[in-house]
Amino acid sequence: MEEANWSDKQVDDAVTLVRTALEEDLQWGPDVTTMSTIDADDQCRAKVVSRAPGVISGTLVASLAPYIAAEILDIPGDVSVDILRADGERVAPGDAVLDIAGPTRIVLTAERTMLNLLCHLSGVATGTVAWADALASVDGSHTRVRDTRKTIPGLRVLQKAGVEHGGGTNHRLGLGDAALIKDNHIAAVGGLKEAFTRVKAQAPDIDIEVECDTLEQVAEAVEVGANLILLDNMDPATIREALRITVPAGVKTEASGGLTLENAAEYAATGVDYIAVGELTHSARVLDLGLDFY
């Protein structure tokens with residue numbers, strides 16, 4: 001998910017996202033306040049500065065905003081954005097993250113779009129690192145926190161990059177890169193084994209995860225050949241029982257449901273491989289960042 005590994009399509013998607021956000025802001029006309037108060041030839045320098053401790057994510061996509069704003073507004077003049085803090089870097093209050101120079105009208109028009117993206121994605125990374133730190137506090141723990149598909153439409157790739165920047169790891173990106181057999185799939189075809197057999201026949205080379213509510217289902221999922229088992233709403237004691245079935249078979253496990261920062265260490269102590277936390281993306285609290293002229 002690192003930006004260096006983005007495909008051409010993902011880069012194009014980022015540009016489209018920023019352009020769409022700016023056009024949403026400008027659909028009722030240009031920034032009337034800025035156009036009224038700022039002369040066309042005014043230039044400025046500004047920094048995006050952290051107001052709180054956290055972890056940075058989204059610098060590349062946020063830095064696109066002034067350039068795209070310049071295209072949309074057709075304002076002449078050079079724009080430059082320097083990234084001062086790398087994605088994944090921890091920051092303290094007062095740390096500068098971006099340095100921007102160019103026509104003042106462009107910078108002020110782009111400001112909110114730039115901050116909306118950077119604050120949210122840095123919030124994802126900052127929230128994730130709290131979970132990663134909680135899991136790492138357990139001696140000998142190998143448990144990793146990872147995201148789900150509970151993402152904001154249009155932001156999935158960026159949010160999942162934010163999870164990695166915060167020390168987490170990614171679950172499947174979409175519906176086609178891995179299979180997850182859930183309770184409704186099992187109910188629809190009449191059994192776990194039948195569901196697994198159908199997926200294996202359709203996609204023989206894909207990893208298959210099975211959601212299990214009981215230890216009996218865990219044993220059945222191991223027997224049919226699941227690569228990963230989602231232990232749904234199981235308490236730590238039950239997870240330990242499940243691991244007595246999965247570990248000898250070399251099957252990885254993921255805990256989901258009932259997880260909090262307060263009990264994360266207790267789950268890590270069981271030896272489960274992953275904990276799935278939807279709030280990393282669907283309920284991320286923004287990191288407070290602001291843009292200051294200097």
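# Reading sheets, cores and loops in a predicted model

Student: In strand 5, which residue is the bridge partner of Asp82?

Tutor: The bridge partner of Asp82 there is Asp99. The model is predicted: local features need pLDDT of at least 70 and side-chain atom pairs pLDDT 80 or more, while totals for chains, interfaces and linings use all residues. Residues are numbered from 1 along each chain as its sequence is written, and side-chain values use heavy atoms, with hydrogens and water left out.

Student: How many bridges join strand 3 and strand 5?

Tutor: Strands (E, at least two residues) and helices (H or I, at least four) are DSSP runs numbered from the N terminus, and two strands pair if DSSP finds at least two bridges between them. Strand 3 and strand 5 (residues 96-103) have four bridges, in the antiparallel sense.

Student: In what order do the four strands of the open sheet lie?

Tutor: The order is 3-5-1-12, with antiparallel pairing. Strand 3 (80-83) and strand 12 (289-293) are the edges, each pairing on one side only. From one strand to the next, the twist averages 20°.

Student: Which strands does helix 3 lie across, and which does helix 4 lie across?

Tutor: Axes are lines fitted to C-alpha atoms, for helices over the stretch in contact (heavy atoms within 4.5 Å). Angles run from 0 to 180 degrees between N-to-C directions. Helix 3 (residues 59-73) lies across strand 3 and strand 5, at about 165° to strand 3. Helix 4 lies across strand 1 (43-50), strand 5 and strand 12, at about 155° to strand 12.

Student: Which residues of the largest nonpolar core touch the most other members?

Tutor: A nonpolar core is a set of buried Ala, Val, Leu, Ile, Met, Phe, Trp, Tyr and Cys residues joined through side-chain atoms within 4.5 Å. Buried means under 20% relative accessible area, exposed over 50%, partly exposed in between (1.4 Å probe, protein chains only). This core has 37 residues, and Trp131, Val210, Ile229, Leu231, Ile239 and Ile275 touch the most other members. Elements that each supply at least two of its residues include helix 4 (104-136), strand 8 (208-212) and helix 9 (236-249). Helix 4 gives the largest share, four residues. Beyond four places in sequence, the contacts of Val210 include Leu180, Phe196, Ala221 and Ile229. Another core lies apart, with 36 residues, among them Val48, Ala65, Val91 and Leu291.

Student: Which charged end sits over the ring of Tyr274?

Tutor: A charge sits over a ring if NZ of Lys or CZ of Arg is within 6 Å of the ring centre and within 35 degrees of the ring normal. At Tyr274 it is Arg146, 4.3 Å from the centre. Lys47 lies over the face of Tyr294, 5.0 Å from the ring centre.

Student: Is Gly166 buried or exposed?

Tutor: Gly166 is counted as buried because its relative accessible area is 3%. Gly166 is in the loop between helix 5 (156-165) and strand 7. Leaving out residues up to four places away in sequence, Gly166 touches Ala125, Thr128, Val129 and Ala132.

Student: What is the phi of Asp74, and what is the phi of Asn233?

Tutor: Most residues other than glycine have a negative phi. Asp74 has a positive phi near 55°, in the loop between helix 3 and strand 3. Asn233 also has a positive phi, of about 55°, in the loop between strand 9 and helix 9. Asp74 counts as exposed at 65% relative accessibility, and Asn233 counts as exposed at 55%.
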